[in-house]
Amino acid sequence: MSELEDLVANARAAFQNAADGATLENEKARFLGKSGVLTEKLKAVGKLDPALRKTEGARINRAKEAIEALLHERRQALADLHMQKRLDEEAIDVTLPGRGRAMTGLHPVTRTWHRIEEIFRSMGFDVADGPEIESDWMSFTALNNPENHPARSMQDTFYVDYRDSSGLFYNLRPHTSPMQVRYARMHTPPIKVIAPGRTYRVDSDATHSPMFHQVEGLWIDEAISFADLKGVYTTFLQRFFETEDLKVRFRPSFFPFTEPSAEIDMAFSSGPLKGRWLEISGSGQVHPSVVRNMGLDPESYMGFAFGSGIERLAMLRYGITDLRLFYEGDLRFLRQFA
Ligand code: DAH
């Protein structure tokens, strides 16, 4: 056997012996990696006599392709084994008689969404729905984020490869705040609305998902102030968590679309989270420029807005610590809420 044939045979044996993905990738590095055997051989071709270079190079490349094919084959085989193992472990006997009709149930995020709607409706708020593909103007400009203002990059936005006839960019809305301006332009004061819905950001870990939910709140009239925000939001939290035994604080913060702005924090007075301050919502007095973009005169109209994460509220209500559980579709998790 030629040296190259030997090498392919060695790779075949090494890949075959790799019992798991990590070992296989290590073996791959040994043959195909930056300083792997084949790479070294290919490098050496350059030093060969020009007459030999072409044939030798081609021979090595053929060996390389053969080894790559073996690697793919083994990767697939290991993946199949892994899947088979899971299927065996999680097997259910489909021939068993049924245990009655399965009950359907609502997803915990949907339940939370409905609960929020119910509470705000009872306080006289309308509920509005808006587009998830939103213009850059509505998402940012109308909300007092000037072009190139760093606040635009505060949210890592998914942009959509489309522009309308006036050249506007579009994105997957990074927050529900554009609904403030959209709704206000279609209604006359008093404007009292919440807009729950899906939002999107380039973000993924135990507390962030690329798709998540927010609820925007807006109340605009001739004399709606921060004091009303405090009353409304505190009442909401008390009803949501079914207890008056919680503390609420408004911590100074910054948002381009509100002035002054505040982060709303809450703390339970009992239970496992007792005494820990938890950030629950952004909020503030709507900025005069935003009121103007709503088509209203900021000399005559004022009000408050807030934007809260629905998953965050659901996690606190149900004691869930990993946000990803909401989106894995695991029935063992979901059934607990049915
Ligand atoms: N849009 C903000 C965000 O996604 C949240 C927010 C803060 C909404 C303050 C508001 C507000 O309406 O007044 O982080």
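Student: Where is Asn144 found?
Tutor: Asn144 is in the loop between helix 6 (136–139) and helix 7 (151–154). Helices (H or I, at least four residues) and strands (E, at least two) are DSSP runs, numbered from the N terminus. This is a predicted model, where local features need pLDDT of at least 70 and side-chain atom pairs pLDDT 80 or more, while totals for chains, interfaces and linings use all residues. Residues are numbered from 1 along each chain as its sequence is written, and side-chain values use heavy atoms, without hydrogens or water.

Student: What is phi of Asn144 near?
Tutor: Phi of Asn144 is near 70 degrees, and that is a positive value in a residue other than glycine.

Student: Which residues does His287 touch?
Tutor: Leaving out residues up to four places away in sequence, His287 touches Asn144, Pro256, Phe257, Thr258 and Glu259. Contact means heavy atoms within 4.5 Å.

Student: And where is the place of His287?
Tutor: His287 is in the loop between strand 9 (278–286) and helix 10 (288–293). Its side chain reaches the backbone nitrogen of Ser289 at 3.0 Å.

Student: Glu259 came up among those contacts. Is the peptide bond from Glu259 to Pro260 cis or trans?
Tutor: That bond is cis, with omega near 0 degrees. Pro260 is found in strand 8, which covers residues 258–268.

Student: What about the bond from Pro189 to Pro190, cis or trans?
Tutor: The bond from Pro189 to Pro190 is cis too, with omega near 0 degrees. Pro190 belongs to the loop between helix 8 (178–186) and strand 5 (191–200).

Student: New topic: how many residues surround the ligand?
Tutor: The ligand has 15 residues around it, and the closest are His175, Ser177, Arg201, Gln214 and Glu216.

Student: How far is an N or O atom in the side chain of His175 from a nitrogen atom of the ligand?
Tutor: That distance is 2.9 Å.

Student: And which side chains lie by an oxygen atom of the ligand?
Tutor: A polar side-chain atom of Arg201 lies 2.8 Å from a ligand oxygen. For Gln180, an N or O atom in the side chain is 3.0 Å from an oxygen atom of the ligand.

Key
A polar contact is a pair of N or O atoms within 3.5 Å; within protein, one must be able to donate a hydrogen and the other to accept it, and residues adjacent in sequence count only if both atoms are side-chain atoms. A residue is near a molecule or strand if one of its heavy atoms lies within 4 Å of it.
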